[in-house]
Amino acid sequence: MATSRIQCQCASGPTTFKQLLPNTSSQPPLLVFSGGTAFNGIVEELKKLTTRVSHVLPVSDDGGSTAEIVRVLGGPAVGDIRSRCLRLADQSTAEAHAVRRLLGHRLSIHPSQAKSEWYEIVQGQHSLWKGVSRPYRETIRAFLVYFQNEILRRANDNFSFANGSIGNFFFAGARIFFQSLDAAIFLFSRVSEIPSESLVLPVISTNDRLTLGCELSDGTIIRGQNEISHPTSGAISTINKEKTSIPALPSRIKRVFYLSREGRNSLHEVFPTVNPSVLEQLNSVDCIVYAMGSLFTSICPSLVLLGIGEVISSRSCPKVLLLNGTHDRETSGFSASCFVTAITDALNRTYGDPNNCLKNHPSKYVNTLLVPKGGEVPIDAEKLATQGIINVIVVDSARDPKLGIIFDPRSLIQALADLIHRYNRAKVNAP
């Protein structure tokens, strides 16, 4: 039977991080496709395995304070990028903590209180500046002031600072000043002292606003990432990602795609160009990871771009899917093989322009599943076997009171370390 070829095993190998990775030059280079939330809880533990990681993130988020910045100032969404940069930021000194605290701060959800607090910060009078030395203070404040000036130039748009992220404001100010998202990321990385070998890459390097759309299996088109994954009433508020609070989709998602700024249907589909740095890193890393999180709005927006599927399918290396521990609005009723199919369809661009479609087998894109122990997504072994996936590794998990079953970070990174170690050893021993 096909199920006999599925190798379910517990991730408890003997390899330790120090044995595998004695110094930076020997650390394995990884590339991770993720969004700005779910994988953040793994980043600290991942640093113990390797800092040579390319974090590829979408720039189509239109929720939270990002939505207000995009509404008034335009440009790509920077929330996911800012979130990952903060997780990667140095924490070894008191000043590093102070900078991270400042750039990670969110203003009050009440508009008047938020505006008052913002003025204190931009004027350099807020207690958040305590512990930030003059060079850092002047650098950060310069771009906050620039952001404020851009807002004042558009006074008729009535910008709301409610629930605003200081890091997002800094990022937006830097991007507009340099007219370059890459330059803004470079500045943010230097200010927050991210290791130079850790790369935060927008999957699309652009100064334009990007809008994500999805087509459901019943033909319905939904516009906007937040409307697809976590629809709200339109009021400024924190996004509630608890699955019980979100209404179900009328049918399953067939595909995601990019829309023109005012586009409302598939006739307004646009085809942005992938960031060349992403393709460069895909061609050189030792392991490709599809992180857990919102499958269709965090992972697939990076996969549907021309060139991504071509490079991944050409690589011979571990290609690892971190399976979600619970279902969400986007994946209700999904089994493990459904996740693989969605990734395959995105990389093959199955439902896009027929002239740009690929026909690759799922195993060209995914060859290993890491599964949280006790997760609610069924592991349909027979179907996975027909997809060519015979390596399913069960990893210790934890229960989050809001999110349900999630990976235990240390166990997950240990499983990745063991997997890469086994693959590299087999490659060395190959005739």
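1. Let's start with a strand pair: Val 371 stands opposite Val 394 in strand S12. Strand S11 (residues 368-372) and S12 run parallel and are joined by four bridges; two strands pair if DSSP finds at least two bridges between them. S12 covers residues 391-395, and four of its five residues are buried, so the strand is mostly covered. Here "buried" means under 20% relative accessible area, "exposed" over 50%, and "partly exposed" in between (1.4 Å probe, protein chains only). Helices (H or I, at least four residues) and strands (E, at least two) are DSSP runs, numbered from the N terminus.

2. A word on what you are looking at: this is a predicted model, in which local features need pLDDT of at least 70 and side-chain atom pairs count only at pLDDT 80 or more, while totals for chains, interfaces and linings use all residues. Residues are numbered from 1 along each chain as its sequence is written, and side-chain values use heavy atoms, with hydrogens and water left out.

3. Val 371 turns up again around Leu 323. Leu 323 lies in the loop between strand S10 (319-322) and helix H14 (336-348), and counts as buried because its relative accessibility is 1%. Leaving aside residues up to four places away in sequence, Leu 323 touches Met 292, Ala 336, Phe 339, Leu 370, Val 371, Pro 372, Val 377, Ile 379 and Phe 407; contact means heavy atoms within 4.5 Å.

4. Arg 349 is buried because its relative accessible area is 10%. Gly 352 belongs to the loop between H14 and S11 as well, but counts as partly exposed because its relative accessibility is 27%. Not counting residues up to four places away in sequence, Gly 352 touches Arg 255 and Cys 357. Gly 352 and Glu 269 are 83 residues apart in sequence, and their C-alpha atoms are 9.7 Å apart in space.

5. Now to helix H3 (residues 64-73), which is mostly covered, with seven of its ten residues buried. Those buried are Ser 65, Thr 66, Glu 68, Ile 69, Val 70, Val 72 and Leu 73. Their cover includes helix H4 (79-88), helix H7 (134-152) and helix H8 (166-178). Just after H3, Gly 74 takes a positive phi of about 70 degrees.

6. Asn 163 counts as buried because its relative accessibility is 7%.

7. Finally, the overall picture. The protein has 16 helices and 14 strands. Its radius of gyration is 22 Å, close to the 22 Å that the globule rule gives for 431 residues, so it is as compact as a globular protein of that length. The radius is taken over C-alpha atoms, and the rule is 2.2 Å times the number of residues to the power 0.38. Along its principal axes the C-alpha trace spans about 70 × 55 × 40 Å. Of the 431 residues, 54% count as buried. Among contacts with a separation of 6 or more, 74% come from residues 24 or more positions apart.
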